[in-house]
Amino acid sequence: MIDIKYIRENPDVVRASQRGRGEDPTIVDQVLAADEIRRAAIVEFEALRAEQNIFSKSVGAAKGDEKIGLLERGKALSAQVKAADARRSEAETKSQALTLLLSNLLDPAAPIGGEEDFVVLEHIGTPRDFTKDGFEPKDHVELGKLLGAIDIERGAKVSGARFYYLTGVGALLEFALINYAISSAVKAGFIPIITPVLVKPPAMEGTGFLGQAAEDIFRLEKDDFYLVGTSEVPLAAFHMDEILNSEKLPLRYAGYSTCFRREAGAHGKDTRGIIRVHQFDKAEMFIFCKPEDAVAEHQRILQWEKEFLNAMEIPFRVIDVASGDLGSSATRKFDCEAWIPTQNAYREVTSASNCTEFQARRLNIRMKDGQNTKPVATLNGTLVAVPRTIVAILENHQNADGTVNVPKALQPFLGMTRFELV
């Protein structure tokens, strides 16, 4: 969440940020009004409690009829304190709830606009010209059948639309991708973590996924658990309610988990294949750092993502995501989009987000800096999202006969240089 002191001192900046995201700027005024009520309730409560403390001392010194009278007055004062405490608690709850509705402040450098208003920062690699190779590229669904790598029909039979099986070399390719990604992250100083996929509401809310993204989340209502859509959630909550030693920052984690998404609002989109699915595996980078180091860490995450895609020998571009497509926690986000030949388009395969202190305030994660404690900054980025990366590898490295060449970086993990037809 945003620091309430900052909102008080810079309401116009927060309103402008809300407008830039396409969100309601009047929430800022509601937050400020609730904060005024909260502060007044605290003052009232503390004044009555101070009066009660003084009064208690006078009761202790009184005797006889005087003490009986004072005790009656004490009961009334106690009731007043209790009522004031209830008003304070209610005001703080309402103020907190309204503040949680505000998205993170936009980075002034983030492009303003909707999903299509991104800015292309760079192109890396050149899309392959299949006409020069003398054949029309097959899509990943057809290649998956030829290689015995992807079984969508049986996935739909067992679980419904947007589910699939990875079989044979498809399963081996997933293991190779995850192993390469995690081993690369460990070399870069990340601590590997296998995270839970079920989290309690405070973890999901604290990470910022129960606002605009709530419709995409699977919930187990009977047990009050959420299925994570990304290991960002359990990684962010890993240090919930903790005070970190600033001298040990940054803390860099590489988390692996299965991810679950409803894909609400995706009706009719990417219905063929495994680009947009309900369940997939992913390795995620997550960093806790000093706020002043967040911008540099953001660039490092992006660089690690670029190095991974370069190792997969996939053409891609980097975009600066527009404000309306950021997600509530991110102040700025860079996406890497891989070239998908049969779609003649770039598709997102990784994201790198700077969330500043927004998530840390919600999750109560602070750092000890000298005699003071203050919120840390959090950042996240995709190491590898398996299905889309498989799509990009199969389609970009295919041969005319349907076989697929294995990127050199993955060959040691797979023990083969080419996927053959089954």
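How far apart do the C-alpha centres of domain 1 and domain 2 lie? The separation between the C-alpha centres of domain 1 and domain 2 is 43 Å.

## Basis of the model

This is a predicted model, in which local features need pLDDT of at least 70 and side-chain atom pairs count only at pLDDT 80 or more, while totals for chains, interfaces and linings use all residues. Residues are numbered from 1 along each chain as its sequence is written, and side-chain values use heavy atoms, with hydrogens and water left out.

## Overall architecture

The chain contains 14 helices and 18 strands; helices (H or I, at least four residues) and strands (E, at least two) are DSSP runs, numbered from the N terminus. Along the principal axes, the C-alpha atoms of the chain fill a box of roughly 105 × 45 × 40 Å.

Of the 422 residues, 50% count as buried, where buried means under 20% relative accessible area, exposed over 50%, and partly exposed in between (1.4 Å probe, protein chains only). Among contacts (heavy atoms within 4.5 Å) with a separation of 6 or more, 72% join residues 24 or more positions apart.

## The two domains

Domain 1 spans 4-101 and domain 2 spans 115-419, with bounds that come from an automatic or database domain assignment. Between them, four residues of domain 1 are in contact with 10 residues of domain 2.

The two domains bury about 490 Å² between them, 36% of it on carbon and sulfur atoms; buried area is the accessible area (1.4 Å probe) that two parts lose on being put together, summed over both. Four residue pairs, both members at pLDDT 80 or more, are in polar contact across this interface. A polar contact is a pair of N or O atoms within 3.5 Å; within protein, one must be able to donate a hydrogen and the other to accept it, and residues adjacent in sequence count only if both atoms are side-chain atoms. The count of salt bridges between the domains is zero, a salt bridge being a side-chain nitrogen of Lys or Arg within 4 Å of a carboxyl oxygen of Asp or Glu.

## Nonpolar cores

A nonpolar core is a set of buried Ala, Val, Leu, Ile, Met, Phe, Trp, Tyr and Cys residues joined through side-chain atoms within 4.5 Å. The largest one has 60 residues, of which Leu177, Met312, Leu410 and Phe419 touch the most other members. Helix α8 (residues 169-187) supplies the largest share of this core, nine residues. Another core, of 22 residues, lies apart from it and includes Leu249, Phe286, Leu363 and Val376.

Beyond its neighbours within four places in sequence, Leu410 is in contact with Leu173, Ala176, Leu177, Tyr180, Met312 and Ile393.

At the start of helix α7 (residues 152-159), a side-chain oxygen of Asp151 reaches to within 3.4 Å of the backbone nitrogen of Glu153. Gly160, with a positive phi near 110 degrees, follows α7.

Tyr164 lies in the loop between α7 and β3 (165-166) and counts as buried at 17% relative accessibility. Leaving aside neighbours within four places in sequence, Tyr164 contacts Asp151, Ile152, Gly155, Ile274, Val277, Gln279, Phe280 and Pro387. A polar atom of the Tyr164 side chain lies 3.3 Å from the backbone oxygen of Gln279.

## Gln359

Gln359 lies in helix α12 (residues 358-363) and is buried, with a relative accessible area of 0%. Not counting residues up to four places away in sequence, Gln359 touches Gly206, Thr207, Glu232, Ala236, Phe286, Ser329 and Thr378.
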